[in-house]
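Hi everyone, thanks for coming. Have a look at what's on the screen, and I'll walk you through it bit by bit.

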Amino acid sequence: MAKLKYSGGGDWYADRTALPNLISYCNTNLKTNFYPEESIVEVGSKEIFNYPFIYMTGHGNVVFSDQEVKNLRQYLAGGGFLHIDDNYGLDKFIRPQMKKVFPELSFVELPANHAIYNQKFKFPAGLPKIHEHDNKRPQGFALIYKGRVVCYYTYECDLGNGWEDFGTYPEDTQETRTKALKMGANLVQYALTQ
């Protein structure tokens with residue numbers, strides 16, 4: 001698994017302990033064999049093709065160059081999976097950038113009965129709420145290319161905060177953290193088996 005490093009000034013490096021904790025959780029509960037530390041990949045790099053699951057987060061501006069747009073499209077169309085987690089403030093920046101990657105696609109909200117919520121761990125109400133910002137419901141959106149979810153975008157949920165070391169956010173309970181890790185494991189399982 002890798003975290004996506006992008007340009008534009010947004011804090012791509014946010015949620016520093018999130019991905020290593022998700023990796024550990026998946027290796028234990030899904031019997032995956034991911035390297036225990038996260039890798040960092042740049043949007044336009046060849047190395048992106050070494051990772052079946054890429055995680056992207058942050059609070060601010062995102063800018064993809066033309067070369068990065070082409071590279072990311074090739075990665076996603078060729079079997080890669082991108083999870084974008086809005087860490088609060090990413091929405092207005094990421095949507096136009098992903099539209100550059102897939103101009104023919106729009107994000108669609110996945111219903112609660114979608115397979116992504118029904119992997120090893122069941123979420124009958126859909127995406128769980130992990131971290132509160134604006135009193136809005138959590139939403140899970142997808143870009144679906146040729147029948148396959150290539151990008152899953154979590155909005156008003158903040159899964160990555162829930163994956164962080166327990167105690168990072170004092171208001172988050174262990175139960176909330178476990179819910180976040182279970183949902184993250186579902187994303188990984190879905191991405192690897194769809």
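**The cavity**

By the rule I'm using, the count comes to one cavity of 30 Å³ or more. What's a cavity here? On a 1 Å grid over the protein atoms alone, a cavity is a set of points where a 1.4 Å probe fits but cannot get out. Grid points are joined across faces, edges and corners, and the volume is the space filled by probe spheres set on those points.

Quick housekeeping: this is a predicted model, so local features need pLDDT of at least 70 and side-chain atom pairs count only at pLDDT 80 or more, while totals for chains, interfaces and linings use all residues. Residues are numbered from 1 along each chain as its sequence is written, and side-chain values use heavy atoms, with hydrogens and water left out.

Okay, how big is the volume of the largest cavity? About 60 Å³. Its lining residues, meaning those with an atom within 4 Å of a point, include Asn 161, Phe 166, Tyr 169 and Arg 177. By class, that lining has two nonpolar, four polar and four charged residues. Ala, Val, Leu, Ile, Met, Phe, Trp, Tyr, Cys and Pro count as nonpolar, Asp, Glu, Lys and Arg as charged, and the others, Gly among them, as polar.

**Helices that cross**

Helix α1 (residues 18-29) packs against helix α5 (residues 174-193) at about 70 degrees, with the axes 9 Å apart. Helices are DSSP runs of H or I, at least four residues, and strands are runs of E, at least two, numbered from the N terminus. Axes are lines fitted to C-alpha atoms, for helices over the stretch in contact, and angles run from 0 to 180 degrees between N-to-C directions. So α1 is roughly perpendicular to α5, a label for 65 to 115 degrees.

Next pair: α2 (residues 66-77) and α3 (residues 91-101) pack at about 75 degrees, axes 8 Å apart. That makes α2 roughly perpendicular to α3. The residues of this contact divide into five nonpolar, no polar and two charged.

**The sheet**

Last stop: an open sheet of seven strands, in the order β2-β1-β3-β4-β7-β6-β5, with mixed pairing. Pairing means DSSP finds at least two bridges between two strands. Which strands are at the edges? β2 (39-42) and β5 (108-109), each pairing on one side only. Strands β4 and β7 pair in the parallel sense over four bridges, and Asp 85 has Thr 154 in β7 as its bridge partner.

Methods: On a 1 Å grid over the protein atoms alone, a cavity is a set of points where a 1.4 Å probe fits but cannot get out, and a pocket is an open set with protein on both sides within 12 Å along at least five of seven lines; lining residues have an atom within 4 Å of a point. Angles under 35 degrees count as roughly parallel, over 145 as roughly antiparallel, 65 to 115 as roughly perpendicular and the rest as oblique.
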